[in-house]
Every structure is written in structure tokens, then in C-alpha cells.
Amino acid sequence: MTSAMDTPTYVKGVLAGVGLTPRGIQSKAIEAGLLEGKSIMVCSPTGSGKTLVGEMALLRGVSDIRKGIYLVPLRALATQVVSVLRERYADQGIRIEISTGDFQTDGSDLAEAQILVTTYERADSLVRHKVDWLNKIGVLVIDEVQNIGHTSRGARLESVIMRMRKLTEDLQIVALSATVGEPYMLADWLGCHLVESDVRPVPLTCKLVPTTDREKTVQQLVMATVQADGQVIVFHRTRRETEAEANRLKDSVGRQLRTKERTTLDREMDSLENWNVTIPTEMRPLLHDGVAYHHAGLGARTRRLVETMFGRGLLRVVCATTTLAAGMDLPARTVVLTSARSPQHHRRFLPANQVHQMLGRAGRPGKDVRGFGVILTGSQGEARMLTKEYFASEVNPDTGTPVLTPNYEPVTSELGTSTNLTEQLLVALDFLGAASLEEVEQEYLGESYLFHCGRWLTNTPMRIVQLGEVTALAAIERHANPNMVRSARENILGTVKIRERGDTVIGGIVSVLRSGQQTCRFSARMTSDGTLEGPMCSCGSPMTKHGFLCNHLVALGMAASSELTQLANFVIPLALSETSPSGLLIRLGLLEGGEGDKLRPTTLGRTVNRLYLKISTFKEMMALIPTIESNIVLMSVLRHLVSLETGQKQGETFDTLIASVASTNLSMREMARLANLAVGDVKALLDKSRSLLYSIVAVADRGNMERVSEMVHDLLSIIDSRLHHMESENNDSD
Amino acid sequence: MSKGGHIMGSKPERDPLEEIKQAQLWVTQSTELRWIDRSVRPSWTRVFLATAAIIIGTFWMPWLTITMTALALVILSILLNLFSVNRTLKEWTRVPEPDLAVEEDEKKKYVCSRGTGGEQHIVGLHLKSVSSDLGGDLGKLIRGVDTGYGLCLTVAMSPQNPKNILEGDILPEALQVYLESMSSNGLRGYMLRRGGLWKASTSVYGHSRDRFALPRFEASVKGAIPEPGWKREKAKDILERIATLQLTRNGAFHASGSELTEWLVQLKSELGPEVGSNVPGEFIAPIRDRLGDYRLGVTINPETLQTGPMAGMSHNDLTGGMLLCGGDWLERRRVMMLLTKQLLDAGKRVMIVSSKPEAMEFAALTDSGIGLTLGTDLVLNPVDAEDIPRSLYVPQLKRALETIADTDLSSAADFELALGRAVALSNATLADVTLPSVNADMMDGTEAPVTDKPSRKTEAGMEAVKVLYQGSGSRAFYGHQTVKLSRLAEQQLSVTVISLGSIILDTFGWDLFSMKLAGLRSDSDLVVIFDGPFNLKLYGPYDSRYKRRVPLTDQLTRDLTRRGPLIVSIERPSGLAKEVVARLSSCISLRLRDNWDIGVATDILGLTVIGHGLHSKARQSSRESSYLRVMEKGIALMVHDGAETCQPIQLDDAPALPPPSTDELSNRTSGIFNGATSDDGHASHKTLIGHVAGSKADLAVSVLRLLQRYEPLTEEALRRFIISSSGQEDMDVEAVLVRLEHASVILRGHESHGGVSYANYRLTMKGTMALHQMAGEQATATG
């Protein structure tokens with residue numbers, strides 16, 4: 001083992017060998033003890049060189065003969081990182097592997113890798129499989145660690161970190177984060193020394209532009225930048241919009257290109273390097289005019305080609321989706337965000353950190369004096385609202401004009417939602433073997449970021465988690481701070497008259513001394529547009545954005561829980577979207593009682609845990625597997641499950657696709673053309689189908705449903721072999 | 001001087017003037033008709049001639065005489081048989097116990113009648129002769145006779161030739177000479193100016209339940225018309241007259257038309273218009289009790305202050321709608337209490353709705369009386385139609401909400417649809433009145449085209465709903481209804497107070513109560529009293545808000561009167577819309593002072609008098625209506641349905657009852673509150689699932705068991721499960737799920753996968769209980 005004194009020398013030597021010298025944030029990290037094995041969290045804007053900090057940590061691990069894991073949020077990023085690492089360090093004899101799919105495999109084939117680059121989910125899957133080399137991991141590098149606050153993926157990342165820390169005592173954690181609010185909170189939980197920098201290589205100017213004609217405004221902004229020899233990234237909500245915008249801008253931008261530039265573009269497209277890149281037919285003329293679109297529907301190679309060409313300055317404009325924003329490490333002079341609304345839910349706005357991450361790409365180091373980030377809004381009102389939400393406005397003393405500085409949100413945990421808690425309870429019990437709910441709550445979850453935030457932040461609910469049966473009282477405590485709950489118990493909040501008690505609704509009037517009365521309601525019904533009615537109050541703000549109920553609803557909830565116990569225990573948790581994690585798992589047969597009051601996972605539960613299935617998908621699967629009697633039914637069940645997993649409703653084209661995979665020798669490109677889908681989508685669908693079929697087989701085997709298992713196994717083996725064949729042909733190793 | 005001529009002209013052939021042999025001189029005071037003896041005497045000439053003819057005929061042709069006599073006798077007997085009552089009665093079936101019989105009493109002095117009204121005694125007086133100065137008059141007769149007696153006055157008149165009075169000793173000599181000096185035309189004209197010459201006969205019959213009161217009747221008659229010619233008719237004669245239906249006699253005296261008019265025959269067209277400064281001369285003055293009326297007091301003669309028979313309202317008067325107006329609330333309270341007590345004693349049910357909290361004391365009128373206050377005990381749910389058809393209820397509700405919205409909502413179609421949806425739900429409240437969402441999520445994350453924003457009227461309607469649900473009206477209108485009106489209507493006595501402290505909210509509360517009440521089935525045994533109804537008031541002719549309300553008010557009044565008896569009590573009747581007043585057929589008015597109020601009351605009470613005939617200018621006398629201004633406390637004017645004018649009554653004292661204590665009232669009231677709001681609606685021998693799903697009960701059970709295990713499940717999973725379970729691809733899955741959802745056995749929710757929302761279903765508590773019920777039924781069936 002190399003001595004501690006040698007490790008920094010070794011690392012610097014390796015870096016020097018590839019022509020890299022630590023600077024800026026990298027130097028600060030070294031000074032903070034990175035090469036001595038201290039855990040470091042680096043929080044700085046994009047392009048400040050965070051990745052190298054992670055690399056240095058991995059090299060330190062290698063020198064200590066410890067494995068290193070590099071976690072990235074996206075497969076595309078993993079591919080990018082692996083190629084960079086291999087390019088730099090493969091010659092040093094360092095074995096670098098990548099693993100991003102195949103959740104059903106236990107990863108034992110990765111035992112020899114010294115550095116493993118993987119996605120959050122794959123890492124989670126490896127930990128669930130309890131692969132034996134886990135305790136050899138000495139360095140954990142987490143890229144974009146602010147994703148802990150991601151609604152759907154954050155809980156899994158948090159869980160991975162928790163379990164890995166339990167597995168390895170002296171684990172060095174290097175967390176790389178974009179600029180966030182209150183980063184010390186996250187750093188404290190990770191046990192990392194915080195190295196912060198908000199120095200941007202290129203100063204950024206942000207502006208919100210209200211407009212009724214977005215297309216015209218985008219055109220003006222793009223042309224103003226392109227005509228000044230700049231590059232623009234335009235972010236859109238949907239894929240369709242990116243393609244449409246690219247087509248709209250094509251002619252205007254194309255006119256700005258000189259013949260020489262066009263020739264270079266065409267040469268690049270047809271170059272030997274890109275011989276195996278399938279450029280979609282409709283994209284070719286766009287590329288010819290210096291415009292491209294970038295979304296998950298494109299193949300990985302095509303996306304990489306676009307990124308490369310943009311990075312080299314050949315392309316002037318890229319229209320991309322906000323979903324892939326994190327995967328694109330491309331600066332431009334101007335970044336335009338056409339809509340701050342979330343792609344998933346048009347009524348919600350994007351989180352501030354995500355917006356700033358996108359805008360943060362504005363300003364190319366070495367090329368631009370200043371970067372411009374522009375957000376388009378539909379009205380003055382929306383502009384004012386978003387200014388308040390995303391920025392802090394200060395007045396420039398010299399010019400007297402308002403200057404917008406980004407307002408970053410602190411990263412909070414998403415582990416506490418019912419859906420995530422359900423999954424993580426199973427994970428925790430599988431990890432611990434058997435434990436009571438109190439033990440899980442206090443010993444396991446007590447070390448979570450969720451609880452850590454609860455200790456840090458003042459607006460913490462009275463009950464942070466509820467693993468057991470969710471009563472009305474528990475649901476209210478999850479959405480109210482302790483003082484308010486205490487006041488409600490002492491009837492200080494007001495007198496309550498319950499006026500409405502339906503099967504799915506509880507309503508009443510709360511009279512507050514000297515403040516009049518308010519009408520409140522808990523409703524478990526659905527509105528006409530498919531959303532839950534939830535809690536309502538005539539005070540106008542039934543729930544804060546942090547999920548806290550107003551005092552009137554708290555009073556009503558407490559009164560209902562004592563007067564209408566049974567009905568309240570049904571309606572109020574539903575209205576607040578609270579379900580019992582342990583109840584659901586027990587009902588599904590994933591947990592069973594152990595000794596005393598302990599719970600433990602059943603065999604099925606362990607299987608489900610390792611299959612990396614969402615509990616909601618598993619639930620549907622369990623209900624439908626017994627109905628599989630023919631291939632037609634199997635196809636329809638598979639289609640339904642794939643819809644749930646991918647979040648996209650699948651139609652008959654899915655059936656056609658699977659049928660063509662199972663019964664033809666067509667290439668993926670041809671199948672994509674026949675199914676009228678993008679190549680990337682086809683790949684993702686087939687991957688997902690394979691993993692789901694594998695899960696169905698595993699579950700059917702557990703349930704002794706031999707006929708179903710045989711039927712599914714047949715289809716699985718066909719798809720599996722075809723996919724392997726296609727992958728080896730295309731070498732699409734994402 | 002010319003021959004044959006005269007300076008004065010030619011002489012007439014005859015001197016037109018009668019030559020008077022000697023000078024005569026008469027002095028007469030007047031040429032007015034005066035009498036010495038009015039008696040009618042037969043003509044002797046005719047008598048002599050008839051006698052002579054009979055004598056000659058008898059001697060000359062005796063057989064002819066005998067035959068004629070026999071023939072006359074036979075004809076007489078035939079006629080008697082033909083037209084007698086006994087013959088008429090032979091066509092009828094004789095019942096063992098006659099319900100009408102007249103016979104002489106034991107002493108054969110009076111006639112005794114048995115029939116409707118019980119046993120009564122009849123006495124008759126006949127005016128055989130009258131003096132030259134007719135004493136008394138009909139008015140004095142009517143007033144003079146006690147109103148406890150039944151009275152029948154018959155006057156038979158036949159016109160006479162004026163020349164009949166020229167025979168001696170009928171008129172004073174001077175007048176006779178004067179009349180004889182007239183030509184026949186002159187004499188006819190003379191008599192015509194005096195109403196003609198009539199031969200008259202007068203009889204008075206009185207009946208009383210008390211035999212010993214009859215002599216007093218005789219005395220009253222003789223005192224009222226002090227003529228010595230009154231003779232008591234024999235009982236036998238009265239019987240004969242009743243049997244032959246002939247109460248009149250031949251004329252016994254002469255009189256002119258004008259004399260008879262003033263004395264005995266007071267025709268309406270001849271009624272004198274001036275009857276005193278404030279005394280209403282044309283009020284009805286009944287002379288007997290009306291059986292079956294709800295007693296309020298006694299008739300009173302305002303001139304003499306003499307009280308008369310019992311006065312009250314009949315049930316028909318209430319069915320047609322009654323107005324109680326004037327006075328202050330305490331006086332009207334007295335009337336309401338009297339009427340309520342009478343109604344309760346008659347076995348009717350009474351529902352009192354008042355805007356005064358003091359009205360709660362009415363609940364003490366009976367042991368089972370209950371009291372409710374809107375906003376405290378009573379919550380009225382506007383979207384609970386209480387079995388009124390939705391197509392009728394929703395437009396009315398929208399109209400009622402215009403008062404709160406302060407705008408015309410007739411064009412607010414979206415709002416009406418939202419109301420209709422909420423009313424269609426079985427367990428809804430105002431919180432369920434919502435408009436469809438403006439934006440729709442698309443599966444691929446794009447935004448659906450934005451539909452039109454709701455109209456301003458719709459938004460105004462929604463704001464009105466918000467006031468009732470979240471604002472100041474929530475205490476009275478938000479939540480499930482605490483008592484169904486049908487339940488309230490079953491109570492013997494219920495008092496509901498609507499006093500929310502805001503005119504607009506009170507008006508809406510009254511409207512809502514009226515709508516629900518009008519929707520109950522017709523029930524004439526339930527009498528509704530509206531005391532101070534805000535919704536029927538019209539605040540001034542220039543208030544545009546309340547002008548809009550007139551059609552609704554009119555419709556409500558019509559529906560309420562159609563439902564059953566209605567009493568509207570209000571201080572100022574001019575505050576009511578005229579359409580409302582028009583629907584009320586009877587009235588009790590206490591003292592009124594305002595000209596507008598008196599104008600309305602005069603109309604409904606029939607106090608307007610036309611003083612002249614058809615072709616004359618109609619004159620309305622204000623003197624009778626001015627009586628309304630000066631009525632004392634305890635006096636009211638009352639008009640029945642159909643009567644042309646009203647009668648003054650003196651009210652009885654209100655029953656004095658101690659008001660019930662709050663605890664006692666709460667105990668009584670708590671028994672009628674609604675129980676569970678969910679409507680099971682299934683027969684006891686069937687299970688809930690069986691009732692809900694019908695023939696698909698097995699499938700429904702499978703779905704519920706699946707949900708019990710795996711809830712929540714997406715709609716897609718349930719659909720696939722149902723299809724595979726049934727084995728039919730074209731299975732109507734939606735129908736099963738809709739039925740189960742509608743019965744609140746399953747609950748529709750949503751879950752999000754990858755940002756896309758999927759509908760899912762879970763079991764409700766009701767569903768869990770339904771499954772337990774099924775399990776129990778199956779266990780019972782197998783074991």
C-alpha cells in the first residue's frame with residue numbers, strides 16, 4: 001500500500017502525465033485534504049472543473065488499492081465520463097468499467113474494476129444485490145449530488161449513500177454539486193468539508209422577457225447572438241417543440257453561415273469518425289444550416305455528434321429539451337429558456353436550481369466576455385413571479401438598473417413521500433435483515449438526509465416519517481409543525497363544527513376568535529382534470545409550498561380525527577396523499593412478521609427488491625400475472641407495465657415493435673422506422689421490456705405459476721438474444 | 001169691427017177649462033201620497049155579479065150547476081194531489097229516521113223542525129194590517145232581532161192598478177179629489193214616480209234552538225216594526241205552508257214602491273251611500289256562527305259595539321292563501337297564536353317560519369312543538385333538491401342566487417351546468433359546485449389548447465356560491481342538510497327562525513326554504529305560516545334588484561299555495577308584490593296607517609263601494625277604508641274567500657303560555673335531525689354489491705377483492721383483469737367501474753408515473769363493509 005505521503009505525489013504525477021494541473025477549485029479541494037482521504041463536497045458553477053476533483057479522488061483510491069465508484073445521473077454522462085477516464089488513465093493500467101443497465105444482474109462481473117462508472121440506479125441495484133466487493137470500495141464520487149432533491153430519483157440516491165456509508169466505515173465521499181442554496185446542510189450530512197466557489201469563468205447576465213409571441217422573440221434573440229458570431233442553446237419543454245423550433249430557425253441561421261463553414265459542417269457529418277452515426281434524415285438539412293435539436297429520442301451517437309459539433313463551434317444553435325439539460329455540458333453565449341414550466345406538469349414551474357443550471361451554461365470561457373441567460377414568460381405577471389422565485393433583485397449603484405442574481409434553493413430530501421418511503425422501507429429491511437418499524441425509523445432513517453434536514457430547518461413537520469398505519473392524526477402531523485399541532489390539541493386554533501361527512505369528504509367551519517370563520521375541507525375525490533382535490537380552505541392558502549397545512553385545516557383535521565375516527569382515518573390520509581408503507585408491503589406479501597415486533601422481507605420481497613421494480617409497478621404486475629393465459633394477454637400486460645415504467649402511454653406500435661423483434665431480423669434502425677419511433681426510444685423500450693419480462697419470470701417462479709413463467713421465459717429469451725445481437729452490431733454501449 | 005171675427009181671435013169650440021158652477025176652494029199641504037187605510041178590499045160589484053150568476057144558473061140549469069160544482073171539486077182534489085208535498089215525497093224512499101221533519105210541538109203553539117243543525121223551533125208572524133205611517137224599517141228589524149235567532153222575512157208584492165185606490169177611505173179626501181182630477185195617464189205617472197202601487201204581504205219567521213226564546217223573538221219583531229197588525233201564525237198554518245212550499249200570502253195592504261223600499265225591501269242598488277262619517281255601513285254582519293270555522297273572535301258591530309256570532313276563518317280560506325297584515329308584531333302574533341291553537345285542536349299540522357327570534361315561543365303551543373334556527377340548528381343545503389326534479393329545481397336555485405350575485409344570471413349557462421352537476425350528486429354540498437378545469441394535461445407533456453374562460457355572469461354566480469360556502473353564509477348553507485323538510489312537515493308544530501343578520505342572506509334563506517317547501521307533495525292538513533317573509537317583500541317600486549325578483553316571488557307563491565294552506569303575515573301589505581297579493585284570497589287586517597297599505601287592504605277587503613248604477617260615474621268612498629286607520633287594538637277586519645266585503649271582528653285573547661325552556665326545546669328538536677347522510681337504498685334481503693352491480697355482482701366482488709389486496713390499481717389493470725376474468729373482450733368495464741364508483745364503493749384517484757397521471761381505484765370504507773357483508777352472506781349460505 002502506497003503511503004499517505006505518496007498518494008498526493010502519485011496523483012499529481014498521473015495528472016501531469018496527461019497534461020493537467022489542478023487549479024482553482026481543484027487546488028482548494030487538495031488543500032482541504034482530498035488526497036489525504038478526507039471527504040469533500042465541491043459546490044461551484046458549471047465549467048469550474050469539478051469533474052477533475054472526482055478524478056483525483058478516484059486516483060487516490062486506486063493508489064490505496066481501494067475501489068472507486070463514480071456515480072452520474074445519466075447513462076450518456078456515464079459514457080462520456082468513461083471515455084474521458086479511459087482516454088486519460090487506461091494507459092496507467094487502471095481498469096475502468098461502466099455499468100448502467102441490467103439491474104437484474106448482481107454485478108459480480110465488475111469485481112475486477114478499479115474504477116466503476118455507473119448511474120445512481122445501477123449503484124443502488126448493486127447495493128441491493130449485496131455484491132461482495134462492495135466493502136472494497138474506498139471512494140465514492142457523486143456527480144451532481146444536488147439530485148438528492150430530485151422528486152423521483154433523489155430518494156434512491158440518498159438511500160445508496162446511506163447504505164454505502166454503513167457498509168464502509170472509512171468511505172471517502174467526494175460530492176460534486178452545482179451551485180445550490182445552503183450547501184453546508186448537505187455537506188454536513190455527507191460528512192464532507194465544503195469547498196465552495198461561485199466564481200464564474202464568464203460573468204452571467206440574466207433577464208426575463210415577457211412576450212406574447214415566443215417564436216418571434218426566440219428568433220430575435222437567436223439572430224442577435226448568431227450575427228455576433230455567438231452560439232445559442234434554446235431549451236424547450238417537449239421534443240416536438242425542439243424539432244419545430246430548429247426547423248423555424250434553420251433558414252435564418254443558415255444565411256449567416258459562410259460557404260467555408262458549410263463545407264466544414266458537411267465534411268464533419270460525413271467524416272470517418274462519424275461513419276457509424278445514423279443521422280436522422282430530417283436532421284441532415286438542419287445540420288447543414290448550423291442548427292440541431294437534441295433530445296432523448298435521438299440515438300446516443302447522434303446526440304454525441306451534435307454535442308461535438310456544437311462544442312467545436314460548427315453548429316450555431318441547438319434546441320434541446322430541459323430533461324437532458326443535465327446531460328449536456330456545452331456552454332454557449334446565450335441560453336434561452338422558452339418556458340419555465342415543468343415538462344411533466346405544465347402547472348408547475350421548474351425548480352430554481354434546475355433553471356440556474358441551464359442558464360449557467362451561458363458564457364463560453366475564452367470566447368465570450370459575458371454570457372446571457374434569458375427566460376421567456378407569457379406575461380408581466382409571470383415575469384414578476386418568476387423574478388421573485390428565481391432571482392434576488394439588486395440595484396446596480398452605478399447604473400441604477402436592477403440586477404438579477406440567482407436565488408438558489410437549498411437541497412431538500414424527497415425520501416419522506418409515501419411512495420419513496422414504501423420502497424425504501426423494503427430496501428431498509430432487506431438491508432437490515434429484520435427490524436421493527438421503530439428501529440428502521442430511528443436507526444436507519446435517523447441517518448438519512450431527510451432527518452438531517454429536519455434537524456437543520458425550522459419548518460419541519462411534527463412527524464417526519466410514518467412507516468406504520470397512517471391515521472388521520474399521523475397524516476396531520478406530517479403536514480403541520482409541532483406548535484400548531486399542540487395548539488390544535490388544546491383547542492386554541494378555534495372551534496370546529498363538522499358540516500360535511502361524506503364517503504370521501506370531510507368538511508367543516510372553523511371559527512377563530514376575533515378572526516371570523518373559515519370553511520375547510522379534506523377531499524379524497526378527483527377533479528375533472530384528474531388531480532386530487534385534496535385539502536381546501538377559504539383562507540386561500542390551504543397548504544404552503546413546503547406542504548404545511550393552514551391552522552384551520554389542522555384544527556378541522558384534529559377535530560375530525562377525534563369525532564369521526566374511522567372516516568377521518570380513511571379520508572384525511574388520502575386527501576393528503578399519505579399511505580401506509582408497511583401496510584402496502586405486507587398486503588402485497590413483500591413483508592412478514594418476524595420475531596417480536598420485527599418485520600422482515602419475504603422471499604418475494606427480496607426478489608422484488610433486487611429486481612429494482614417500483615412498488616407501484618410490482619403491484620400492477622401482481623394483479624395481472626394470474627390473468628396471463630395467452631401471448632396476446634402477455635403483450636397487453638407487458639404494454640401496460642412498460643407504460644407505467646416509462647411514463648409514456650404505449651399504443652399498438654409497441655406490440656408491433658415487440659413482435660418484429662421476436663420474429664424478424666430487422667435492425668434497430670429499421671424497426672424504429674417501421675414503428676415511427678426514434679432510435680433512442682426503441683432502445684429504451686426494449687431495455688425496459690426485457691427487464692420487466694425478467695421480473696415477471698422471477699415473480700411467476702416465486703408464485704409457482706409455471707405456465708406463465710414458461711410463456712414469458714420464451715419471449716424473454718427471444719428478446720434478450722435479439723438485443724444482444726443488436727447491441728453488438730451497433731456498439732451502442734450506453 | 002169685422003163681422004164673424006173677434007179681437008181675441010176665434011172662439012174655441014169648447015172651453016178647455018171646465019166650467020165651475022161655483023167657486024170652490026181647497027187648501028192642501030202637499031200632493032204626496034198619504035194613506036188613511038191601506039187595506040185591500042175586495043170589489044163588491046164582482047161579488048154581486050158572481051152571486052147573481054150562480055143563483056140564476058142554479059135555478060135555470062140545476063144539473064149544469066151540480067156538474068160544474070162536482071167537476072170543480074174533482075179538479076181541485078187532483079190539483080191538490082199533484083202539487084202537494086206528500087205526493088212529491090212519495091217519489092222518494094222513506095228512511096226510517098227522517099233527517100228533516102217538521103211538526104207541531106206539544107203545545108201546538110210553535111213548529112218544531114229536526115234536521116241539519118239539530119232541533120229548532122219556528123214561530124211565524126204575519127202582518128195583517130199596517131198603519132198609514134209605516135213604523136220601523138228593515139234595518140231596525142235586522143238589528144232589533146237578536147243574532148242568535150234565525151230569521152226569514154218574506155215580502156210578497158203584486159203590482160196594482162192605481163185606480164184601485166181611488167175608491168173611498170183609502171186616501172185623504174183632498175188627495176183623492178186631486179188624484180181623481182188627473183187623467184189616467186197622469187195618475188199612472190204619479191204612481192210610477194213613487195215606485196208604483198203594490199199589494200203587499202209581510203211575514204216574519206224566526207227559529208231558535210230554545211223554545212222559550214221564541215216569545216222574545218216575537219217581541220223583538222214587534223219592537224222593531226211597531227205595527228199593531230202583527231199576528232202570530234198558527235203552527236198548523238206554518239206546517240201547511242212548509243209542506244206546500246208556500247210561505248207567502250196574498251197581499252193584505254197597499255203601499256207604494258218607494259215606501260216599501262225604505263221600509264222592508266232594501267235593494268242593493270238603492271242602498272244609501274251616506275251612512276255616517278266612519279261607520280262602515282256595508283260590512284257583512286253575519287247573524288249566525290259558521291260551523292267548522294277556526295274561531296278567532298266574535299263579529300262586532302262597530303256602530304253599536306254589540307258583538308255577534310263567532311267569527312273565524314274556514315279551512316278553504318287558508319287553502320286559498322290568507323294575508324294577515326297591519327298592526328304591530330304583537331297584534332299579529334295574537335292572531336297567529338289564536339289560529340295556530342285552533343288548527344292544532346282541529347288535528348292539523350302547523351309550520352311557522354318567522355324572521356323574528358321571538359317567534360320561537362310558538363313552540364310552546366303544544367307539547368311536541370319544535371324550534372329550529374337557521375344557522376344554528378338548521379343548515380339548509382342549496383344543492384340538496386330533496387326529491388324535487390332537477391330540471392325544476394336548478395333554474396329556481398339559479399334565480400334565487402341572483403339576489404346574492406346582484407346580477408341577472410339567466411345567461412350563465414356554465415354556472416347552471418355546474419349547479420346541475422352538484423345537485424345530481426347525492427351527497428354534495430356547495431363545495432362541489434365547480435367549473436370544469438380550463439387547461440387539460442396531455443399525456444406527452446404538452447399543454448392542451450386553452451378553452452374559453454367562463455363568462456362574467458358565470459363568475460358572478462360562482463362568487464355567489466363562494467359567499468354561501470366560504471363567506472358569511474357558510475354557517476347556514478354549507479354542509480349536509482340537518483333536517484329534511486319532509487321530516488319537518490311531519491311534525492305537529494314546528495317553528496323555524498330565519499334571521500341571519502343580512503337582508504340578502506335572509507332573502508336567500510327564505511327563497512330556499514320556500515322552494516323546498518313548495519316541492520313537498522300537496523297536503524291540505526299542513527298549514528304554513530310565513531311571518532315576515534323577506535323573499536315575498538318588494539322594497540319599493542324603483543329598486544331594480546327586487547324588481548328582478550318578482551317572477552320568482554310570484555312562482556314561489558303560486559307553488560306554495562298549490563302545495564296547501566298558506567298564511568302570510570306582514571306588517572305592511574304594500575311591501576308585497578301585487579302578484580303575491582293577487583294569489584291570496586282571504587285577509588285579516590289590523591290597523592293600518594299608510595295610504596299605500598290602505599290602498600292594498602281596501603282592495604282585498606272589498607271596501608270599495610260604487611255609489612251609483614252602471615252608467616254613472618263610479619264613486620269610491622274613502623270613509624269605509626278610513627275605518628282601517630282608527631280600528632282599536634283587538635279589532636280586525638276579516639274577509640273570507642269569495643265574499644264581496646269584509647266583517648269586523650273582535651279578537652279573542654291570545655292563549656297565555658309560558659315559553660319552553662331551551663333544554664326542553666333542544667331535547668324535542670334533537671329527535672328530528674338527520675342521521676347518516678349516505679343513502680344505502682337497498683332492500684334488506686339483498687347485499688349492497690348485489691344491489692349496485694346487479695347481474696355483474698360476481699365480477700364486482702372479484703374487482704373489490706383485487707382492490708382489497710392490491711389497491712390502488714390503475715384503471716388499465718382493472719380493465720385487463722375484468723376482461724380476462726369475464727373472458728369477453730367487449731366487456732363493458734366502464735359500466736362496472738362507474739356503478740361501483742357511483743355507489744361510493746370504490747374511489748377514483750390518480751397516480752403519477754414518469755410525470756404522467758394515471759387514474760386508479762381503491763376500496764372505500766363502504767366497499768370494505770360491503771365485502772364483509774358478502775362474506776357474511778356467503779358464510780350463511782354455505783353453513
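Mentor: We will go from chain A as a whole to some of its parts, then to chain B. Keep in mind that this is a predicted model.

Trainee: Okay, how many helices and strands does chain A have?
Mentor: Chain A has 29 helices and 21 strands. Buried residues make up 53% of its 734 residues.

Trainee: And the contacts, what share join residues at least 24 apart?
Mentor: In chain A, 68% of them do, counting contacts between residues at least 6 apart in sequence.

Trainee: Let's pick a helix. What length should H4 of chain A span?
Mentor: Helix H4 covers residues 75-89 of chain A, so at 1.5 Å a residue its 15 residues should span 21 Å. The end C-alpha atoms are 20 Å apart, which agrees.

Trainee: Is H4(A) mostly covered or mostly open?
Mentor: Mostly covered: 11 of its 15 residues are buried. Among them are A:Arg75, A:Leu77, A:Val81, A:Leu85 and A:Tyr89.

Trainee: What do those buried residues pack against?
Mentor: Several elements of chain A. They include helix H1 (6-17), helix H3 (50-63), strand S2 (67-72) and helix H12 (300-311).

Trainee: Switching to the nonpolar core. Which residues touch the most other members?
Mentor: In the largest core, of 318 residues, they are A:Val117, A:Val554, A:Val571 and A:Ile572. Helix H28 (residues 679-702) of chain A gives the most to this core, with 12 residues.

Trainee: What does A:Ile572 touch?
Mentor: Leaving out residues up to four places away in sequence, A:Ile572 touches A:Ala472, A:Ala475, A:Ile476, A:Ile506, A:Phe522, A:Gly557 and A:Ala560. There is also a second, separate core of 48 residues, which includes A:Val232 and A:Leu350.

Trainee: Now sheets. In what order do S16, S17, S18 and S19 of chain A run?
Mentor: The order is S16-S17-S18-S19, in an open sheet with antiparallel pairing. S16 and strand S19 (532-537) of chain A are the edge strands, each pairing on one side only. From one strand to the next, the twist averages 15 degrees.

Trainee: Which helices pack on that sheet?
Mentor: Helix H20 (residues 551-563) of chain A packs on the sheet and touches S16, S17, S18 and S19. The direction of H20 makes about 70 degrees with that of S16(A).

Trainee: How are S16(A) and S17(A) joined?
Mentor: By 6 bridges, and they run antiparallel. They form a hairpin with 3 residues between them. A:Glu500 stands opposite A:Gly507, and A:Thr495 stands opposite A:Ser511.

Trainee: Where does chain B come in? How many residues are in contact?
Mentor: 49 residues of chain A are in contact with 48 residues of chain B. Strands S16 (495-501), S17 (505-512) and S18 (516-526) of chain A are among the elements that each supply at least two residues of the chain A side. By class, that side has 14 nonpolar, 22 polar and 13 charged residues.

Trainee: One last thing, in chain B itself. Why does B:Gly509 count as buried?
Mentor: Because B:Gly509 has 29 C-beta neighbours inside 10 Å, and the cut-off for buried is 20 or more. B:Gly509 lies in helix H17 (residues 503-518) of chain B. Beyond its neighbours within four places in sequence, B:Gly509 is in contact with B:Leu374, B:Leu380, B:Ala476, B:Ile498 and B:Leu500.

How values were computed
Residues are numbered from 1 along each chain as its sequence is written. Chains are lettered from A and ligands numbered from 1 in the order in which they are written. This is a predicted model: local features need pLDDT of at least 70, side-chain atom pairs count only at pLDDT 80 or more; totals for chains, interfaces and linings use all residues. Helices (H or I, at least four residues) and strands (E, at least two) are DSSP runs, numbered from the N terminus. A residue is buried if 20 or more other C-beta atoms lie within 10 Å of its own, exposed if 12 or fewer, and partly exposed in between; C-beta atoms are placed from the backbone. Two residues are in contact if their C-beta atoms, placed from the backbone, lie within 7 Å. The expected span of a helix is 1.5 Å times one less than its number of residues. Ala, Val, Leu, Ile, Met, Phe, Trp, Tyr, Cys and Pro count as nonpolar, Asp, Glu, Lys and Arg as charged, and the others, Gly among them, as polar. A nonpolar core is a set of buried Ala, Val, Leu, Ile, Met, Phe, Trp, Tyr and Cys residues joined through C-beta atoms within 7 Å. Two strands pair if DSSP finds at least two bridges between them. Axes are lines fitted to C-alpha atoms, for helices over the stretch in contact, and angles run from 0 to 180 degrees between N-to-C directions.
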